[in-house]
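Open the model in your viewer and keep the selection tool ready. The tour goes from stop to stop, with a note on what to find at each.

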Amino acid sequence: MKIFTIIKENSIRVPKKNFVDFNGQPLWKYLLSELNDFDVTVNTDSSIFKKQLELSNLKNIKVI
């Protein structure tokens, strides 16, 4: 299954929500960890996310 999601660096309603600690890890990592068995494409404007993703052990993540 292919999944497409958006991970923004800044959010108007909840500032930096994708980087808020959720269960001991950033929210974006929690989401992508749950989707680790799928072919995931992420649209992002965040250089922070890209750097953190490179350091993670997540597979099958394509960033555009």
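Select Glu9. Glu9 is buried, with a relative accessible area of 16%. Buried here means under 20% relative accessible area, exposed means over 50%, and partly exposed lies in between (1.4 Å probe, protein chains only). This is a predicted model, in which local features need pLDDT of at least 70 and side-chain atom pairs count only at pLDDT 80 or more, while totals for chains, interfaces and linings use all residues. Residues are numbered from 1 along each chain as its sequence is written, and side-chain values use heavy atoms, with hydrogens and water left out.

Lys16 forms a salt bridge with Glu9, and the closest N and O atoms are 3.9 Å apart. A salt bridge is a side-chain nitrogen of Lys or Arg within 4 Å of a carboxyl oxygen of Asp or Glu. How many salt bridges does a search of the whole structure find? One.

Stay on Lys16. Lys16 sits in the loop between β1 and β2 (21–22). Strands (E, at least two residues) and helices (H or I, at least four) are DSSP runs, numbered from the N terminus. Lys16 is partly exposed, at 38% relative accessible area. Check its backbone too: phi of Lys16 is near 55°, a positive value in a residue other than glycine.

Jump to Asn60. Asn60 also has a positive phi, about 60°, although it is not a glycine. Look for Asn60 in the loop between α2 and β5 (61–63). Asn60 counts as partly exposed, at 48% relative accessibility.

Next, select Ser46. Ser46 lies in the loop between β4 (39–44) and α2 (47–55). Is Ser46 buried or exposed? Ser46 is buried, with a relative accessible area of 1%. Its side chain makes a polar contact with the side chain of Glu9 (3.0 Å). The Ser46 side chain also reaches the backbone nitrogen of Phe49 at 2.9 Å. A polar contact is a pair of N or O atoms within 3.5 Å; within protein, one must be able to donate a hydrogen and the other to accept it, and residues adjacent in sequence count only if both atoms are side-chain atoms. Not counting residues up to four places away in sequence, Ser46 touches Glu9 and Phe19. Contact means heavy atoms within 4.5 Å.

Now go inside. The largest nonpolar core has twelve residues, among them Ile3, Phe19, Trp28, Phe49 and Ile61. β1, α1 (27–34), β4 and α2 each give two or more residues to this core. Such a core is a set of buried Ala, Val, Leu, Ile, Met, Phe, Trp, Tyr and Cys residues joined through side-chain atoms within 4.5 Å. Pick Ile61. Beyond its neighbours within four places in sequence, Ile61 is in contact with Leu32, Val40, Val42 and Leu53.

Last stop: Ile6. Ile6 lies in strand β1 (residues 2–7). Ile6 is exposed, with a relative accessible area of 53%.
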